[in-house]
Amino acid sequence: MDASGSMYTKLPGGQTRIFTAKAVLSDFIGRLPETPGLNVGLRIYGATTSAASPESCTDSKLVLPMKGLDRRALLGTVAATRPSGATPIAYSLGLAALDFAQDSSRKLVVLVTDGQESCRGDLKASLAAFRSRGIEVDLHVIGIDLGAEAQRSFQGIGTFENARSSSELASALGRAVGAVASPTAVLAPVTVNLTSGGAPLPGGPRVSFSSALGGPATHLTGGGDGYTGSLLPGSYVATVVASAGTQTFSPLNVAAGAPNRFSFEVGTVGAVKLDFTPAQPVAGSVLKVSFSGAPASQSGKSWIGVAQKTDPDDAYLDYQYVAGASGSVTLNVPGEEIAYELRYHLASPDGSSRVIGRSAPFTPRRVAASLKAPPELVAGSPVTVTWTGPNNARDYVTIVAKGAAEGSYLDYKYTGTGNPLTLATPVQEGDYELRYASDADGKTQASLPIHLRLAAYSLQAQASAVGGGSLQVKWSGPNTSGEYVTVVKKGAAVGSYTSYFYTRDGNPGTLKLPTEPGEYELRYSTEGQSPNPTLFSLPLTITAPQGNAAYSLQAPASTTGGAEIQVKWSGPNNTGDYVTVVPAGAPVGTYTQYFYTRDGNPGKLKLPFAPGDYELRYSTEGVSPNATLFSLPIRVAMANYTLSAPRQARAGSSIQIKWSGPNNPGDYVTVVNMGAEVGTYTRYFYTRDGNPGTLPVPSEPGEYELRYSTEAASPNPTLFSLPLTVIR
């Protein structure tokens, strides 16, 4: 469900898109069948941030997971949704793939939207998320009053329909889900009880129900003991004609298999007083609304809404829940210069409400907006924009392609951040527009054409260079924020980068080159657009190091496990070059113990304890995965470990222990309980401290072990053990 700010825009029939969408979805949810195995979830985008917020393009939430049919929760969530933000459709579809179970059930996504993708997402690519999880999905897109450009953006994306009224939207929704969840067509019983001042009301009033989507009314029969009738499941508005006047109650949800009992209080209630400031608000601003004289027992479900004066009672453009006998709220002022009013909607226990207070009418006044900026600039350079306008909290200035859809934006700044404003321009040449707009409705209040021309870009550097070294690169270009020079493999995807420098850091700049020989490109790029475009490129051949820069390693061909060896090396000694030991044939980039070449020559390397065939590798952190530039095989054999000591000793005494082993750094002898976990230790001595060594005997009699262990691995492994019995 789309909850972007533009959902407050009115349809040709006069109702807002969000009001229509809620009415249609509520009616649809009420008519869903109680079918075993039917799972219905709801994901909403655009409901928690403003359109120009940095988080707007990730504002998508699965508000109800697909676990059965929770009709009550679905209806409540739809009713409480308030439009606010942007239209991240591709992002939402990508997440929707994770909402489904990976099973063989039939899967359907119905996307209801009043606009096209506004976050530069790739709709077709987003469907790959389903394929990657092995999910076949049926996608239906239902547009709400979409323009021609927006409709074209959904070509080839599932099944598309465009609706311009509640009836068209309801029909499209029914067609979208008909194959898996045909609406219930069985009439459901409805009972209504009327009260006045809390007491049952005798006969006399007339009660009728009308579909929230329009159509003829159904009159209920009965009187003081209740009014009854039968209706198709769906969303309704009830009308009660009584001595206190005609009153309407909505929304009312009728469901199959439910009691559908409603209770309406129709007695005369003192009108709630509604005041507001300022008296004539600016279109698109905010209005402070004060209320008094409301029933004090309200629990927070009553609400105040703003609507066009001629709208029916259940219509609204913005609203806030209220509680208590008095208080205040803040509401957004609509953007049209027509008459509006504020309405107090008193909540009923059954979830419906009726209007018991209205404000004086008001007509917002428009403040003219205008923009000033140079008519032509270099593409990618900043543009300074001076503006006039209402400066409402959600007003902003942006740059878009000429003729872009309402609500589109590239770079933007809120007017509240200053005047003039500075915007980043796109890097492609062409005709663009600066726009003054508001993310309250996305409407353009002022626009100014601007032409962007290409700047002159160039790079100068030697045609070939040795891998792993540094290269100076001269450049020419506008040097706008985010421009940089990088080196990539020839033909790499646009936006790829490895080592880079920003043009702002100086001219010439220095690049660290990859170590792998081959054909590469130097690229002048920018972060001003995604993926970062290539503005100029220059071929570069990277060669293998020769002469003094050749790579080599010298070390013993074999040694014992855990030994520390010296490794001589030759190579360019670039930043991030290192020597490591890994199992023979380990994947490129693997490492265990290592030393950086900058730490000296030769370097020291601790070998693994496990016997087997290994490799010494000269590698570098200059590329990912860390490349192997030279390797040398080495065999690791099991060292010979023994202990010699008395098999029995008195508690609290001391014993001498002779040992044999490699005496590697961290080797030690300890005494532990028989069968203790590997790595356990109590009293100990390091083998470096002498042979034999002396250990205190535990003070408690029992069965123990003497262990030759090492700190070179975790948990410290047992390399040899000898039993010891401790007696009194």
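Trainee: What makes Cys 57 and Cys 119 a disulfide in this predicted model?

Mentor: Their sulfur atoms lie 2.1 Å apart, and because a disulfide is a pair of cysteine sulfur atoms within 2.5 Å, the pair meets the definition. A search of the whole structure finds one disulfide. The model is predicted, so that local features need pLDDT of at least 70 and side-chain atom pairs count only at pLDDT 80 or more, while totals for chains, interfaces and linings use all residues. Residues are numbered from 1 along each chain as its sequence is written, and side-chain values use heavy atoms, with hydrogens and water left out.

Trainee: Why is Cys 119 called buried, and what is Cys 57 called at 25% relative accessibility?

Mentor: Buried means under 20% relative accessible area, exposed over 50%, and partly exposed in between (1.4 Å probe, protein chains only). Cys 119, with 17%, is therefore buried, whereas Cys 57, at 25%, counts as partly exposed.

Trainee: How do you know which side of helix 7 its buried residues are on?

Mentor: The buried residues of helix 7 are Leu 169, Ala 172, Leu 173, Ala 176 and Val 177. They cover an arc of only 120° around the axis (taken from the directions from the helix axis to the C-beta atoms), which puts them on the same side of helix 7. These buried residues pack against helix 1 (17-31), strand 3 (108-113), strand 4 (138-144) and strand 5 (159-163), where contact means heavy atoms within 4.5 Å.

Definitions and conventions
Helix = DSSP H or I, 4+ residues; strand = E, 2+ residues; numbered from the N terminus.
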